[in-house]
Amino acid sequence: ADFVKIAHPDFAFREAAEEACRNIGTMVEKLNTDVELCQSLRRLLTDEVVINSLDPETRRVAELFMFDFEISGIHLDEEKRKKAVNLNVKILDLCNEFLTGAHLPNKIDKRVLPEHIWCNFSAEGNYLQIAGLHADCPDDLVREAAYKIFLHPNTEQLSRLEELLASRNSLAQLVGYDTFAHRALQGTMAKNPETVREFLEKLSDQLSKRTQKDFEIMTKMKMKLNPQNSKLMPWDHPYYSGLLRAERYNIDPGLYCPFFSLGACMEGLNSLFSQLLGINLYAEQTQKGEVWSEDVRKLAVVHEMEGLLGYIYCDFFQRPDKPHQDCHFTVRGGRLKENGEYQLPVVVLMLSLPHSARGAPTLLSPGMMENLFHEMGHAMHSMLGRTRYQHVTGTRCATDFAEVPSILMEYFANDYRVVNQFARHYKTGQPLPKTMVSRLCESKKVCAAADMQLQVFYAALDQIYHGKHPLKKSTTEILKETQEKVYGLPYVPNTAWQLRFSHLVGYGAKYYSYLMSRAVASMVWKQCFAQDPFDRAMGERYRREMLAHGGGKEPILMVQGMLQKSPSVEDLVDALVSDLDQDFETFIMDS
C-alpha cells in the first residue's frame, strides 16, 4: 500500500492505498497500546529461563517490540499513557503539515525583481511563483533571488517546526529519555547522540582546511565570471562546484550515455552478482493484471545452488504522476512460515529513466547508472536477508546501517574493472576507455570536501534541534550560528532554510546516517573488495555477515563480522576523508 499510494497510475488505486495505509497505521497504533500484549511480552523478557532459550534474532525482535510499546507510553499510568497517545497523534499531524509547508512555493510581486529574470519563474498575474532554489541556473542574480524568496520565513511553518520539536521532546521525556535524539538513536550503529556529536565534530575538523580550499577555488571562479559581486554565498556552492567539475574534467554526460544502455547496465549487474554471490537475474513473464504499468519488468533472483530467492519488479521509466525519485519498496518481506517453508521477499525498484528514442535503447547518464547500482544494493539486501521474522526483514534495520549495502554498490559502479565488463557503445560495441572512467571518478572529488561539509552542517543542525530542550535560541538563530561555525558560508538575513528541511520529518535526529553509512561502506570496499571486486570468498562473507541478518542482529556486530574489528569514530572519519584525496597519480598515468 505504501508503494501503490505514490506510484500507481490510477488515482482510484492511489486513494484506496492511502486509505489502507491509514487503517493499518491505526491498527498498529492499537496493538502498540494493548496493555495485555505488552504485559505478556514483559513477562517473557523478564523470565531468564525463557530468554536464554531464545535464539539471538527472536530475542532482538522481542526487544524491538518492547521498544515500540514503550514509545507509545504503555508502561505509564493511564493519565500519562493518554498523554503519550495524544502526543503521537499530534506529532503525526505536525509532520504532515510541515512536509506540505516545506514544498509550498513562495509568491512575490514581480515588480520587485528586474524584468530580465522574470522568465525563470512561473507567473501568476502580477506575481511570480518561486518553487525552488534554481541551484543550477547560470545567472547569479536568479539564484540569489530564488534563495532569498524561497527561504523567506513563513510564520505558520516556523511555529509548526517549533511545536514539532517541542512535542517530540515531550514524548521522549515522558517515556523516559533525556532527549528525542537519545530515543531515536536507540538500536542504531551510533547508539547515542554523544557518539554522533563526536563523529560530526571530528569529521568537521578533518574537513575544514580542505573545505576552505574548495571555497577559495569557487571564489576565484566567481570572480572571473562576476567581478562586481565576487563574494561566495550559499546560493553559489552547488552551481560553481558543478561548473568547476565540468570545466576541469569535461564530463559531458552525452559522451558517456552511449556506453551505458540499460540492457548493458543490467548485464553488468548480473555479471557482478554472479561472480560475487553466485546469483543470476532472470526476466519473467507477468500474469494479466500483475503489474500496474506495462513497462514494469519482473526479475527472478536465482542462486546457483539454492534456487529462487525472491522477485524484483523494475519500475524504471518516467510516466505522468509518477514521483521523480529513486527508491526501493518492500512489497513482501521474507520470513520463516509455520510450515517450515521460507516466504520469499518481493520488492519494487523505482527509478525515473527517460523512455528511449525511436530505434535506440534507453541510455543512462553516469549518475543514472550509479543510482541503478545504488538501488540494486537495497534490492540485494532484501533478497539475501534470511530472517525468521518479517519485522526485521532485509532493509528493515537501523537507519545508519540501511544505506551501507546501497552505497557499497556505488564503489563497484565507479571501479574500472567492473565497468569494463559491461560498458559498450550501443552502436559500435567499443568499450568505454579507461581514461573516461578515471576522469569521471576524479571529477567527483572536485569540491567534494565542501559538499561533505554541507552534509555535516545539516546533520549537526538536526542533532541540536533534537537535543536538549527548551532550545537556547530560536530555530533560526541556531541555524545562523551552526551555519557559520560548521559550514563556513555566511547566513543570509531573513532566510530560514530549516523550514524547507523536509528530512527533519523522516530522519529526525538521524540525518547523520548517510555519512556514517558511507564511512562504513568505504571501509568495507577498501578492506574487502578494492583488491579484487569479484572476490567470491569476500562476496560470501558479505552475504553471511551483513546481508543475511536484515535488522535481526545489532548493526555494529554485522560491521564487526565483515571488517573483523569494530571501527572507532576515528576509523570512520579517516575512511570518509581518504575518499576525498585526489588520486592524481593514476589519473596522470591513465591520461
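## The second largest pocket

The second largest pocket has a volume of about 850 Å³. A pocket here is an open set of points on a 1 Å grid over the protein atoms alone, with protein on both sides within 12 Å along at least five of seven lines, and lining residues have an atom within 4 Å of a point. A volume is the space filled by probe spheres set on the points, which are joined across faces, edges and corners. Of the 27 lining residues of this pocket, Arg 197, Ala 460, Gln 463, Ile 464 and Lys 485 are the closest to its centre.

Four helices, α9 (180-184), α10 (193-225), α19 (448-465) and α20 (475-487), each supply at least two residues of the lining. Helix α10 gives the most, with eight residues. Helices (H or I, at least four residues) and strands (E, at least two) are DSSP runs, numbered from the N terminus. By class, the lining of the second largest pocket has ten nonpolar, eight polar and nine charged residues. Ala, Val, Leu, Ile, Met, Phe, Trp, Tyr, Cys and Pro count as nonpolar, Asp, Glu, Lys and Arg as charged, and the others, Gly among them, as polar.

## Basis of the model

This is a predicted model, in which local features need pLDDT of at least 70 and side-chain atom pairs count only at pLDDT 80 or more, while totals for chains, interfaces and linings use all residues. Residues are numbered from 1 along each chain as its sequence is written, and side-chain values use heavy atoms, with hydrogens and water left out.

## Cavities

A cavity differs from a pocket in its definition: it is a set of grid points where a 1.4 Å probe fits but cannot get out. The count comes to three cavities of 30 Å³ or more. The largest cavity has a volume of about 90 Å³.

The largest cavity is lined by Phe 273, Leu 276, Leu 277, Gly 377, Met 380, Pro 405, Leu 408, Met 409, Phe 412, Tyr 542 and Leu 547. In this lining, ten residues are nonpolar, one is polar and none is charged. Helices α13 (262-277), α14 (366-384), α16 (404-413) and α23 (536-547) each supply at least two of the lining residues. The largest share, four residues, comes from α16.

## Helix packing

Helix α16 also packs with another helix. The axes of α16 and helix α22 (residues 513-529) come within 8 Å and cross at roughly 50°. That makes α16 oblique to α22. Angles under 35 degrees count as roughly parallel, over 145 as roughly antiparallel, 65 to 115 as roughly perpendicular and the rest as oblique. Axes are lines fitted to C-alpha atoms, for helices over the stretch in contact, and angles run from 0 to 180 degrees between N-to-C directions. The crossing of α16 and α22 is right-handed. A crossing is right-handed if the near helix is turned clockwise from the far one by less than a right angle, and left-handed if anticlockwise.

Helix α6 (residues 78-103) and helix α8 (residues 155-174) pack at an angle of about 150°, and their axes are 9 Å apart. The angle makes α6 roughly antiparallel to α8. The contact of α6 with α8 has eleven nonpolar, five polar and seven charged residues. The crossing of these two helices, α6 and α8, is left-handed.

## Sheets

Strands of a sheet pair through backbone hydrogen bonds, either parallel or antiparallel. Two strands are taken to pair if DSSP finds at least two bridges between them. Strand β4 pairs with β5 (residues 297-303) in the antiparallel sense over six bridges, and Glu 284 stands opposite Lys 298 in β5.

Another open sheet has three strands in the order β1-β3-β2, with antiparallel pairing. Its edges are β1 (106-109) and β2 (122-124), each with a single partner strand, so one side of each is left without a neighbour in the sheet. Neighbouring strands of this sheet are turned by 35° against each other on average, direction ignored. Strands β2 and β3 (residues 127-130) pair in the antiparallel sense over three bridges, and Glu 124 stands opposite Tyr 127 in β3.

## Backbone details in two loops

The peptide bond from His 469 to Pro 470 is cis, with omega near -5°. Pro 470 lies in the loop between α19 and α20. Asp 321 is not a glycine, yet has a positive phi of about 70°. The loop that holds Asp 321 runs between β6 (307-317) and β7.
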